[in-house]
Amino acid sequence: MSNLIKKKLILSILLSFAVIVVGCAPKATTKGEEFPFMYEETPLTILILPPMNESTAADAKQYYATTVQEVLSYWGYYVFPYEVTSDILKMEGIYDAELIRNVPLAKFREYFGADAVLFTTIKKWDLSYMVLASNLTVSIDEELKSTKTDQTLWSYNGTVVVDLSGGNTGGGLGGLIAKAIIAAASSAMVDYVPYARQANYRALSSFPFGKYHPNFMTDQSMQFIDQTPEKENN
Amino acid sequence: MKSNLIKIIVSLVAVLFCFGCSAKNQMYYWGDYSDSLYHAKKNPCVESLAEHKEVLENIVEESKNRNQRIPPGVCAELGYLYAANNNTKKALELFQMEKQAYPESTILIDRLIMQTEKRASDDESSSETSVEKSIRQEKSIGEGTNE
């Protein structure tokens, strides 16, 4: 009897915990609900376009561009070799991200065979050093557009915070001090490639899987947290 | 009772943590691709480019060893580097590999093949007319005077 009460109590605590979490977190949604065109068109080839950098970090573009191809390939698409395609675009005289925005999307299909193109704007790329941890905060807008229909297949507007102090926290005061030392050391090393990669992973978490992924066309019901800020009504 | 609750919370946190870090899967072998590319872009020099090329070679090799598909774009990028170094044969070989593994890359690859072949034939005729020809002429003049 008392066991049952215990269980009920635990359950209710858990439930209220869940309600609190749901209450204050942005709404959860599914890939299928949010990006239906992605499942209609099922693009196979994706062209990553040079990102637009609006952040104050000059390095941000390079960090983003050198890590995105690898990360996106794990989602099961044919991702064009960024180094090659950005070079070709440069030779064609369209290396500027602003100029690229003016190219009709069908051109990318004709020239490269791209089913879809990925536009990226880096809004923020900030490193913050604190006493016990340091973070990389990345805000990006990403949009995957169809070269067939010009419609937006997938988009992401959000902020990713990557902990630079490493996962191993240990215990007690000793652990905290160790963590602070690691944080200081890693910010001094100035090698953020792994963190840029992580930021890319997080940003793509709602990206539907492609043909080369085992979960192709079976991930419509997969949930994710919609980070897109609610549109303000002015 | 209290310890039970702690256990549940701890396990919940653990589960969430696992979700957070399990995004990576082993579909492809990318080696040190991003690192070497970043360094080659940051400090473009003969060494850093050679290092990145080596990483690309290693990805091709290791993917074969693991019986995995070579990641998309790797053969094309490596072929592009060979083409830039005027190793046309190796470049064309790699372009064909990319096309075979990923037929959807055909439009881009055919463009690269065309570019590479054109450059190779241009180089051949231009180098024959300028450097090689002048060397040959010099040689024959020298031989002539010796005789």
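This is a predicted model: local features need pLDDT of at least 70, side-chain atom pairs count only at pLDDT 80 or more; totals for chains, interfaces and linings use all residues.

A residue is counted as buried if 20 or more other C-beta atoms lie within 10 Å of its own, with C-beta atoms placed from the backbone. By that criterion, 27% of the 147 residues in chain B are buried.

**Fold of chain B**
- Chain B contains six helices and zero strands.
- Read from the N terminus, its elements follow the order α-α-α-α-α-α.

**Contact between chains A and B**
- Chain B contributes 28 residues to the contact, and chain A contributes 26 residues.
- On the side of chain B that touches chain A, at least two residues come from each of α1 (2-21), α2 (33-42), α4 (74-84) and α6 (106-146) of chain B.
- The most is given by α2(B), which supplies seven residues to this side.
- By type, the residues on the side of chain B that touches chain A comprise 17 nonpolar, six polar and five charged.

**Confidence in chain A**
- The average pLDDT of chain A is 82, and 76% of its residues score at least 70.
- Over residues 184-189 of chain A, pLDDT remains under 50.
- For residues 184-189 of chain A, the model has six contacts beyond four places in sequence.

Note on methods:
Residues are numbered from 1 along each chain as its sequence is written. Chains are lettered from A and ligands numbered from 1 in the order in which they are written. Helices (H or I, at least four residues) and strands (E, at least two) are DSSP runs, numbered from the N terminus. A residue is buried if 20 or more other C-beta atoms lie within 10 Å of its own, exposed if 12 or fewer, and partly exposed in between; C-beta atoms are placed from the backbone. Two residues are in contact if their C-beta atoms, placed from the backbone, lie within 7 Å. Ala, Val, Leu, Ile, Met, Phe, Trp, Tyr, Cys and Pro count as nonpolar, Asp, Glu, Lys and Arg as charged, and the others, Gly among them, as polar. pLDDT is the predictor's confidence in each residue, from 0 to 100.
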